[in-house]
Amino acid sequence: MIERELVVSNRLGLHARATARLVQLLSGYKCGATLIAKGREVNAKSIMGVMLLAAGPGTPVVLRVDGEDEAAAADAVAELFERRFDEES
C-alpha cells in the first residue's frame, strides 16, 4: 500500500471535469484507490465519491493505492495534481 499527500492546486478544485479526469486516469489501473480529505474517505474511482469530498483549491488530500500497479497509479495521480488537471496553462 502506498499513501501520498497531495494538495488540490487547480483554480476550481475537484469539480466535475477535474474529477472525471482523475477517475478516468485511475480506471486504467487494477489497484484499489482511495482519497481522504476533510475526515472523509471515498473510492477514488467513483465520480460521485470524489465529488462528495467538495475539495476546493488548497485542500490537502491523501491518496491511498493498494494493488499490483499501485506505484504507477500513485505516480500518475501525483503528476495529474501537479499539472493542475491540465486546466491551466
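**Sheet, helix and core**

Tutor: This is a predicted model. Its open sheet has 4 strands in the order β1-β4-β2-β3, and the pairing is antiparallel.

Student: What makes β1 and β3 edge strands?
Tutor: Each of them pairs on one side only. β1 spans 2–7 and β3 spans 40–43.

Student: How many degrees are neighbouring strands turned against each other?
Tutor: The average is 25 degrees, direction ignored.

Student: How do you know that β2 and β4 count as paired?
Tutor: Pairing needs at least two bridges. Strand β2 (residues 32–37) and strand β4 (residues 60–66) are joined by 5 bridges. So they pair, because 5 meets the cut-off of at least two. They run antiparallel. Among the bridge partners are threonine 34 and, in β4, arginine 64.

Student: What does helix α3 touch in the sheet?
Tutor: Helix α3 (residues 70–82) packs on the sheet and touches β1 and β4. Its direction makes about 0 degrees with that of β1.

Student: Why is a set of residues called a nonpolar core?
Tutor: Because its members are buried nonpolar residues joined through side-chain atoms within 4.5 Å. The largest such core here has 26 residues. Leu14, Leu22, Leu35, Val61 and Phe81 have the most contacts inside it.

Student: Which elements give two or more residues to this core?
Tutor: α1 (16–27), β2, β4 and α3 do. α3 gives the most, with 6 residues.

Student: What is phenylalanine 81 in contact with, leaving aside neighbours within four places in sequence?
Tutor: Its contacts are Leu6, Val7, Val8, Ser9, Leu22 and Val61.

Terms used:
Residues are numbered from 1 along each chain as its sequence is written. This is a predicted model: local features need pLDDT of at least 70, side-chain atom pairs count only at pLDDT 80 or more; totals for chains, interfaces and linings use all residues. Side-chain values use heavy atoms; hydrogens and water are left out. Axes are lines fitted to C-alpha atoms, for helices over the stretch in contact, and angles run from 0 to 180 degrees between N-to-C directions. Contact means heavy atoms within 4.5 Å. Buried means under 20% relative accessible area, exposed over 50%, partly exposed in between (1.4 Å probe, protein chains only).
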